[in-house]
Amino acid sequence: MKGLAAIFGAIIILVVLVFFGVLSLFLWENLHLFTHTVVVVVMYNPNDAYRLLASLLSLNYNSNPAYKLLSLIEYTQDKNFIAFLDESIRKYIQKEEPPICYKLIFDSQVLIDFKKEGYSGDCEDAPFVARVPVFVPYNDARLVKYLILKYRR
Amino acid sequence: MKGIIVETIFLFALLSIIVQALLSLASFFYYRNFQISLKSAEILKATDVVESVKKGLEFAYEYSFLQAAYEVGKLGGYESSIAQLPWRVYESTNFPSYISAIEARTREFIKEYLDNLKSLGFKFGEVYVNISKVKINIEETSHGAHLGQIIKVLSPTEFWKMEVWFSQLLNYSGSFFSIYDIPNRTVILPSEYFQLYEVANSLFIERDRIKEAIEKAEENMEKECKESSCTEEELEKKCSNANEKFRNKILEELENAKKESEFPIEFIVNRVEIKHEIEKKNSGCLCRYFAAVDVKIDISTKNQYPVYDAKERSTKFRNIKLTFHLITSNDYEKWRPL
């Protein structure tokens, strides 16, 4: 009888050990997830790029809506307006931590490409990326183009 | 002794189960919180995307209107080339219902713009468009002649607006959320485009400015071309190429007519038929001149707008034109060669 109890006890310990084993596997999986860059970014360093683009599109430049000026940039190529956008982005990003690099792209045209002095990398694979649609004047190709912001702190 | 070992094993097993349960619970809540954080970040991102689209709606509506205005203007205010009619054929006139034509075309373009957002997860209901003129009184304050005297004047101002509304709210859906918002907007339109129709209506429908130009040209014909010739031979002697002279006088008068429009106007004369008749009177003879013309009229805005031209296959800043045909003469009753 006592032998049976010992075997029963041993089975329970075995089950618990197996369970722990399985659980630790999950923990390892979770641990892998937590150490993954994207997850850490979301948890402790949120992607402000979307917020920033939405704010950028709501600005006014010389009493004209920035949205309209941006959608017409192909026809106007207003350099002062691009400088204004650059300044606005820098102000916004620098609130927390100065950026290492940022890139503002409208469709395939790079409007702004900023790199901190001494930074040799490319902002192309920056961790913070946002892409929002912008309506452009009527044409035979695309009525919506994308405004893309990439930045690295 | 064995009893103590068995009890220890049981106690250890029980403890293990409790520790494991606690760990599982902690892990579950940690994972749950983590999931909530991820979802919150996704929702925040989505609201920013919706915000950006909402910001752009009025521009999509404005661009749709401009394109509709450009295309309808080229068709003389008609919605399609099939429905297109000359504005005037002698005394009978056809002034188009251009507002409804622009509304219909704008609706089509808005749909086309919004269809581009479908792939991103946006859904819109049926769209409706209404264009109307608004009259308001603006109170203007100015200082009078005496110090401290303030004069208030009510000056009537009018502008054109376009209301765009939908059968349902816009919907943006992700894998675990849906965002709803109002896509309805009111857009202020460039009034000068509508003034083109008003000017054209007053010059060529309410008045027949081309007929007036022909009449004026006849009035301005030289005396020797109008009087004192009772035969064609006499007329040719005193006023050679009389018909050609009359044609040139008409073209001169059309140039003068341009000055009456506050907007740039062009007359493209497609066809001109000219004739003259010598009438014998008691006091002598009088040569009367008649002309019938088929004219294309282009009246354009002073400002330029970003529009697409299908012929040139390009989008650029262009003046929006109102183009229409008319056929008229200086004698509606007697002679209709066109």
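Among contacts in chain A between residues at least 6 apart in sequence, 55% join residues at least 24 apart. Two residues are in contact if their C-beta atoms, placed from the backbone, lie within 7 Å. The model is predicted: local features need pLDDT of at least 70, side-chain atom pairs count only at pLDDT 80 or more, and totals for chains, interfaces and linings use all residues. Residues are numbered from 1 along each chain as its sequence is written, while chains are lettered from A and ligands numbered from 1 in the order in which they are written.

Chain A holds six helices and six strands. Helices (H or I, at least four residues) and strands (E, at least two) are DSSP runs, numbered from the N terminus. Along the sequence, their order in chain A is α-α-α-β-β-α-α-α-β-β-β-β. Of the 153 residues in chain A, 26% are buried. A residue is buried if 20 or more other C-beta atoms lie within 10 Å of its own, exposed if 12 or fewer, and partly exposed in between, with C-beta atoms placed from the backbone.

The contact between the chains draws 37 residues from chain A and 41 residues from chain B. On the chain B side, α1 (2-74), α2 (98-115), β10 (284-309) and β11 (314-329) each supply at least two residues. The most come from α1(B), with 28 residues. By class, the chain B side has 23 nonpolar, ten polar and eight charged residues. Ala, Val, Leu, Ile, Met, Phe, Trp, Tyr, Cys and Pro count as nonpolar, Asp, Glu, Lys and Arg as charged, and the others, Gly among them, as polar.

β10(B) and β11(B) pair in the antiparallel sense over 15 bridges. Pairing requires that DSSP finds at least two bridges between two strands. These strands form a hairpin with four residues between them. D309(B) stands opposite S314(B) in β11(B). In the turn, R313(B) has a positive phi of about 50 degrees. β11(B) also pairs with strand β1 (residues 88-89) of chain B, in the parallel sense over two bridges. There, R88(B) has L326(B) as its bridge partner.

Helices α4 (residues 209-219) and α7 (residues 242-258) of chain B have axes that come within 8 Å and cross at roughly 130 degrees. Axes are lines fitted to C-alpha atoms, for helices over the stretch in contact, and angles run from 0 to 180 degrees between N-to-C directions. The two helices are therefore oblique to each other. Angles under 35 degrees count as roughly parallel, over 145 as roughly antiparallel, 65 to 115 as roughly perpendicular and the rest as oblique. In α4(B), the contacting residues include A213(B), I214(B) and A217(B), and in α7(B) they include F246(B), I250(B) and L254(B). The contact of α4(B) with α7(B) has seven nonpolar, no polar and four charged residues.

L235(B) lies in helix α6 (residues 232-238) of chain B. L235(B) is buried because 20 other C-beta atoms lie within 10 Å. Beyond its neighbours within four places in sequence, L235(B) contacts S229(B), A242(B), I278(B) and C287(B). The C-alpha atoms of L235(B) and I278(B) are separated by 9.2 Å, with the residues 43 apart along the chain.

Most residues other than glycine have a negative phi. N241(B), in the loop between α6 and α7 of chain B, has a positive phi near 50 degrees. N241(B) is exposed, with 11 other C-beta atoms within 10 Å. Phi of N62(A) is also positive, near 50 degrees. N62(A) sits in the loop between β1 (60-61) and β2 (64-65) of chain A, and counts as exposed with 10 C-beta neighbours inside 10 Å.
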